[in-house]
Amino acid sequence: MNSFDRSAAGIAQVFRGTFVHSTQQTALEILEDALLGVDTEGKIAFIGKGEELDKLLKSTNFNPSEVIQLSQHEFFMPGMVDTHIHASQYSYAGTALDMPLLQWLNTYTFPVESQFKDLDFANRVYSKVVKRTLRNGTTTACYFATIHTDASLLLGKIANDFGQRALVGKVCMDRNNFVKHYKETMQESQDETCRFIAELLKKKYPLVKPVVTPRFAPSCTGALLGQLGAIAKNNNLHIQSHVSENTEEVKLVKELFPDSESYTDVYYKHNLLTDKTVMAHGCHLSDEELALFRETGASLSHCPNSNISLCSGVLNVRNVLKQKVKLGLGTDVAGGYSASMLDAVRKALDSSKILTIQDPEHDTLTFEEAFMLATLGGSQALSLDDQIGNFEVGKDFDALRVNVAAPGGPIDLIQSEGPKILLEKFLNLGDDRNIMEVFVAGRKVIPFTEPTA
Ligand code: GUN
Ligand code: FE
């Protein structure tokens, strides 16, 4: 356990108890009776042993009586990072899971997304999804909105108002042969993306940033993809899209982009694979395509609920990790029916077990690894691991205070358990009733303080 001092900024909060997190070296490190100080800027100022309390607080003006002591069944874990979620699809989450991807998009998704021209509707849906995800422990979300710039800006405002860290993408699509009113011209898409970026950056929200968002290759012309690659490069922005989710889609991309060697190559050719790119799914990528991800530093978002719900495929996470491609988890609402990252953890484990059923030689994912993917892995996938993802001095304090034995909660503890079992129980059985408090950049955002919550 390292103990450093960042006491130039004042100490605002100190917690004592169990902390669990992932590090570069290990998927699960457990710090028992640890002491963690958060400075007035919301950053982790020190981490030490409980017994070092007096020493750690000596150089600060923090009053030891104000140290917050966790109870026996409580622990802190890093906030979870949802690397792929369609905020606009939250209105129909839990329904419409009876078709494969392309038919599903045309039948359900595009008609619903076209409604976000209406800012009142957008406000209703976006407020609900931000609150629901925060309450379930998503401290960082990488959102798709819709093609509507003003509604997308509203999503940024709502995330900022509730204190969620977010990347927000105005969706770009200049190709849609099925729902013809739900698309832009190439020029509109380019101009509105620039307006979206400029206006969102002008707000100077500390935790909310724009992400360049071509929906996926089939709904964009090559010309638009090229423009978006240039916009991302000129503004040093994140990029998000979808890749190789189902086999029919892969075939369509081959037909639409005959000059590209692979689906991944379409994005690569248009400068859309960078170390700030996150691509959802990737169920059907070849090892050559994974190598392109590794070489460019682009990452994948594993969305297991969606992959199962739309019968898209089963991502081989073990192989992605072996190929050293950065990987996080995503809910992919509403292709995935749950907005909770705990569900993504469970479905990631279930998916890995399905692969083991099919091939007993398959090296099944462990719960510690799934925990890592939901936290540190997600932060790496979004290239935010210099700021968030685990408890390291200098990083922002994005954290969940979990009580496994929360009264009225979903978990019955029969006997006293150690922290590793408590974490495993929470990941497999827990829900928002166990998440007592959520912190983003040191600010307590759950329980809500807003009267509207
Ligand atoms: N591919 C292109 N658009 C979408 C979408 O909205 N959801 C999913 N799951 N895949 C997509
Ligand atoms: Fe998606």
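**Salt bridges and their surroundings**

Tutor: In this predicted model, Arg 433 counts as partly exposed, with a relative accessibility of 44%, and Arg 433 forms a salt bridge with Asp 431 in which the closest N and O atoms are 2.6 Å apart. That pair belongs to a total of 20 salt bridges found when the whole structure is searched.

Another of these pairs is made by Lys 43 and Asp 396, whose closest N and O atoms are 2.9 Å apart. As for accessibility, Lys 43 is partly exposed, at a relative accessible area of 24%, whereas Asp 396 has a relative accessibility of 9% and counts as buried, the cut-off being under 20%.

Arg 165 and Asp 398 form a further salt bridge, again with the closest N and O atoms 2.9 Å apart. This pair, too, links distant parts of the chain, since Arg 165 is in strand S8 (residues 165-169) and Asp 398 is in the loop between H13 and S15, 233 residues away. Both Arg 165 and Asp 398 are buried, and salt bridges with shared partners join Lys 43, Arg 165, Asp 396 and Asp 398 into one network.

Of the 14 residues of H4, 10 are buried, so the helix is largely enclosed by the rest of the structure; among them are Leu 153, Leu 154, Leu 155, Ile 158 and Phe 162. The end C-alpha atoms of H4 are 20 Å apart, which agrees with the 20 Å that its 14 residues should span at 1.5 Å a residue. After H4 comes Gly 163, which has a positive phi, near 85°.

As for the record, an unreviewed UniProt entry annotates residues 76-445 as "domain: Amidohydrolase-related". In the model, the end C-alpha atoms of that span lie 15 Å apart, and the span is 43% helix and 17% strand.

Definitions and conventions: Residues numbered from 1 in each chain as written. Chains lettered and ligands numbered in written order. Predicted model: local features only at pLDDT ≥ 70, side-chain atom pairs only at ≥ 80, totals over all residues. Heavy atoms only, no water. Salt bridge = Lys/Arg side-chain N within 4 Å of Asp/Glu carboxyl O. Buried < 20%, exposed > 50% of the residue type's maximum accessible area, 1.4 Å probe, protein only. Helix = DSSP H or I, 4+ residues; strand = E, 2+ residues; numbered from the N terminus. UniProt positions renumbered as here; feature names shortened; annotations may be inferred. Expected span 1.5 Å × (residues − 1).
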